[in-house]
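Hi there,

Here is the structure I promised to pass on to you. Have a look at it first, and then read my notes below.

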Amino acid sequence: MNTREFNKKLAPEARTKISTLHQFKKLHKDNIDSTKLEKVVTQIDRVEYTNHDVSAVFEDGQIVNASFLGSFSKCKVNVHRLTSHGSVWDNKCIHKNGRLQLKVKGCKVYLEEFIAICMSIHEKQLPMSLKGWTAHTMDASGSKHMATKLGLSTNFRPDNIEWCLQPDVAYHELIAEEIKKAAGDAYKFSANDETLKQIYQTKGKNELAEYCEKNLEKVDNEEFESLLVRNNDCFGMDEDELY
């Protein structure tokens with residue numbers, strides 16, 4: 001979630017200044033040009049972080065908690081919600097693109113975006129402006145559709161989430177699908193890996209698979225599944241208790 005490192009990968013015109021929560025509030029609290037999401041962030045008093053979840057504590061006392069280790073594989077289609085051991089201790093739904101959304105202070109926000117905001121506040125590296133930005137899972141598991149295609153569990157741990165520009169999410173998913181076909185495995189990679197983009201656009205499957213095997217981190221789904229099982233008790237809730 002290191003915003004400074006991510007900025008280095010972007011073209012100068014796409015980079016954003018970095019702020020603390022206090023600086024962000026000062027800029028956006030009374031700014032009529034700020035987005036709805038930016039206004040929501042100004043209402044956060046502090047962020048509480050553990051190894052398995054993160055919570056945004058709002059100025060009015062409301063707490064929104066998100067678990068990194070929730071399993072979001074089972075869908076209640078009739079109500080467009082996910083059941084989970086963990087997940088978010090609040091209302092949630094699936095967007096048509098398959099990504100999990102929360103409704104926070106009347107604003108819809110993707111789960112990985114919420115975690116990215118909280119972690120950036122925790123690390124004092126919050127983008128000064130959120131316009132045009134979003135966050136995504138680097139192994140492309142943040143979308144239920146993509147997780148199914150790639151044979152992965154959804155993984156919302158901070159080390160699997162990065163900031164990116166909004167158009168890059170769909171392109172990242174296209175590359176993830178092609179990597180799966182070419183290499184036979186899913187890999188974790190940045191939406192701003194320009195070398196990988198070039199290979200995807202101009203080279204064949206063999207070159208793509210070779211690059212992944214030499215330079216990228218293969219997704220170990222079995223290890224993550226075992227992590228879910230080991231940490232299941234810490235959430236204190238069962239699937240049937242969520243709704």
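Buried here means under 20% relative accessible area, exposed means over 50%, and partly exposed is in between, using a 1.4 Å probe and protein chains only. In a regular strand the side chains alternate between the two faces of the sheet. Strands (E, at least two residues) and helices (H or I, at least four) are DSSP runs, numbered from the N terminus. S11 is mostly covered, with five of its five residues buried.

A word on the background. This is a predicted model, in which local features need pLDDT of at least 70 and side-chain atom pairs count only at pLDDT 80 or more, while totals for chains, interfaces and linings use all residues. Residues are numbered from 1 along each chain as its sequence is written, and side-chain values use heavy atoms, with hydrogens and water left out.

Which strand pairs with S11? Strand S12 (residues 161-165) does, in the antiparallel sense and over five bridges; two strands count as paired if DSSP finds at least two bridges between them. Within this pair, Thr134 stands opposite Cys164 in S12.

**The second largest pocket**

By class, the lining has five nonpolar, six polar and four charged residues. Nonpolar covers Ala, Val, Leu, Ile, Met, Phe, Trp, Tyr, Cys and Pro, charged covers Asp, Glu, Lys and Arg, and the others, Gly among them, are polar.

Lys197 lies in helix H7 (residues 194-202) and is buried, with a relative accessible area of 12%. Leaving out residues up to four places away in sequence, Lys197 touches Asp168, Tyr171, Ile175, Ala191 and Asn192, where a contact means heavy atoms within 4.5 Å.

Lys105 sits in the loop between strand S8 (100-104) and S9. Lys105 has a positive phi of about 55° although it is not a glycine, and it counts as partly exposed at 25% relative accessibility. Lys124 is in the loop between helix H4 (111-122) and strand S10 (126-127). The phi of Lys124 is also positive, near 60°, and at 57% relative accessibility Lys124 counts as exposed.

**The protein as a whole**

The secondary structure comes to nine helices and 14 strands. Of the 243 residues, 50% count as buried. Among contacts with a separation of 6 or more, 60% are between residues 24 or more positions apart.

Enjoy exploring it!
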